[in-house]
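Notebook open, model loaded. I'll jot things down as I look them up.

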Amino acid sequence: MEHDLPAVLSLDIGGTKLAAGVVTGDGLIHGWQVTPTRREEGPRHVLTRLFDLGRKAIAEAGVPEVAAVGISCGGPLDTTTGVLQCPPHLPGWIDVPICALATEAFGVPAALENDATAAALGEFRYGAGRGTSTMLYLTISTGVGGGSVIGGRLHRGAAGNGGELGHVMVRPGGRLCSCGRRGCLEAYASGTSIAERAREALAAGRPSSLSALAQPRAEDVSRAAEAGDALAVEVWDETTWALGTALTDLVNAFEPELVVLGGGVTRSGARLLDPVAAAVARDAMPPAARAARFELAKLGDGVCVVGAGAVAHDLVTGAKA
């Protein structure tokens with residue numbers, strides 16, 4: 001059945017890069033294209049380049065036509081009207097009717113989905129979540145996003161922006177989050193936060209091998225922690241504590257079969273996954289703890305493009321994800 005689905009165009013709009021590809025019914029990406037967003041140019045110029053990137057993907061994929069366009073982007077957005085309302089990673093993008101613009105550009109219907117929600121759908125259909133019914137997905141990258149599949153259906157929420165798992169509170173009154181609140185998971189577990197906390201400790205005079213770097217990044221902290229650097233271990237332990245705390249609550253609330261962790265920070269592999277899974281096994285309610293497996297995402301950097309393709313396939317078939 002999946003292999004009979006038509007080819008669709010998938011577009012992903014990030015704060016730093018744009019991606020495009022043609023997704024077929026087996027979840028594979030063809031004609032993969034990536035280019036910097038250059039968001040300072042504003043929506044008109046960025047979208048012109050994005051649609052050109054989509055045309056290049058179609059040409060390189062060698063397909064005669066696509067049946068629909070799927071678009072993934074961070075919210076807030078309105079999936080019903082296909083409008084980007086005011087994504088904070090795209091300053092000045094206010095009420096952009098992106099689905100209407102994509103339909104005008106490509107002559108086929110278009111669907112819009114939150115990027116982390118699209119990623120959750122991609123992993124559920126074609127990645128680590130295949131064969132499950134209830135799954136949580138967290139992307140741990142520049143920020144922390146997420147999505148959930150409940151009883152085989154993607155949970156979007158009443159306004160279409162449900163699944164903001166990065167804004168579960170782990171420390172009331174704690175670090176300032178990008179959303180304006182204090183103490184969110186994102187403020188402790190994102191790659192941005194990992195780097196910021198390490199730099200703050202260095203600025204306070206803490207000794208560390210990281211002091212040899214001008215601007216330590218999250219991956220530098222992970223490597224230094226693995227090597228036993230005391231400051232890096234402290235930052236990393238706080239990161240896994242925050243993730244374990246949030247996921248304990250989420251596992252208690254949703255009782256999923258599977259929790260999938262994706263995003264750039266998860267390139268640290270077992271150093272991130274193992275302590276988080278152990279915290280949930282220790283602290284969650286026993287039935288929920290026993291039911292939940294933890295895995296790393298399988299679709300890599302293309303997860304949002306695959307997920308947007310799944311959304312476009314549902315638009316074509318009339319299916320409800």
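Predicted model: local features only at pLDDT ≥ 70, side-chain atom pairs only at ≥ 80, totals over all residues.

How many aromatic pairs does the structure hold? I get two, counting rings of Phe, Tyr and Trp (its six-membered ring) whose centres lie within 6.5 Å. I looked at Phe 51 and Phe 106: their ring centres are 5.7 Å apart and their planes sit at 85°, so I call the pair edge-to-face (over 60 degrees; under 30 would be stacked, and the rest tilted). Phe 51 is in helix H1 (residues 43-61) and Phe 106 is in helix H2 (residues 98-106), so the pair ties together parts 55 residues apart in sequence. Helices (H or I, at least four residues) and strands (E, at least two) are DSSP runs, numbered from the N terminus.

Residues are numbered from 1 along each chain as its sequence is written, and side-chain values use heavy atoms, with hydrogens and water left out.

Next, the domains. The protein chain splits into domain 1 (8-115 + 301-317) and domain 2 (128-297), with bounds from an automatic or database domain assignment. Ten residues from domain 1 and eight residues from domain 2 make the contact (heavy atoms within 4.5 Å). The C-alpha centres of the two domains lie 27 Å apart.

I also checked the area buried between domain 1 and domain 2: about 550 Å², with 28% from carbon and sulfur atoms. That is accessible area (1.4 Å probe) that two parts lose on being put together, summed over both.

Then I went for the salt bridges (a side-chain nitrogen of Lys or Arg within 4 Å of a carboxyl oxygen of Asp or Glu). There are two between domain 1 and domain 2. Separately, I noted that Arg 267 and Asp 301 form a salt bridge through their side chains, at 3.1 Å, N to O. On the side of domain 1 that touches domain 2, strand S7 (110-114) and helix H10 (303-317) are the elements giving two or more residues.

The peptide bond from Gly 75 to Pro 76 is cis, with omega near 5°. Pro 76 sits in the loop between strand S4 (69-73) and strand S5 (77-78). Asp 95 is not a glycine, yet has a positive phi of about 50°. I found Asp 95 in the loop between strand S6 (83-84) and H2.
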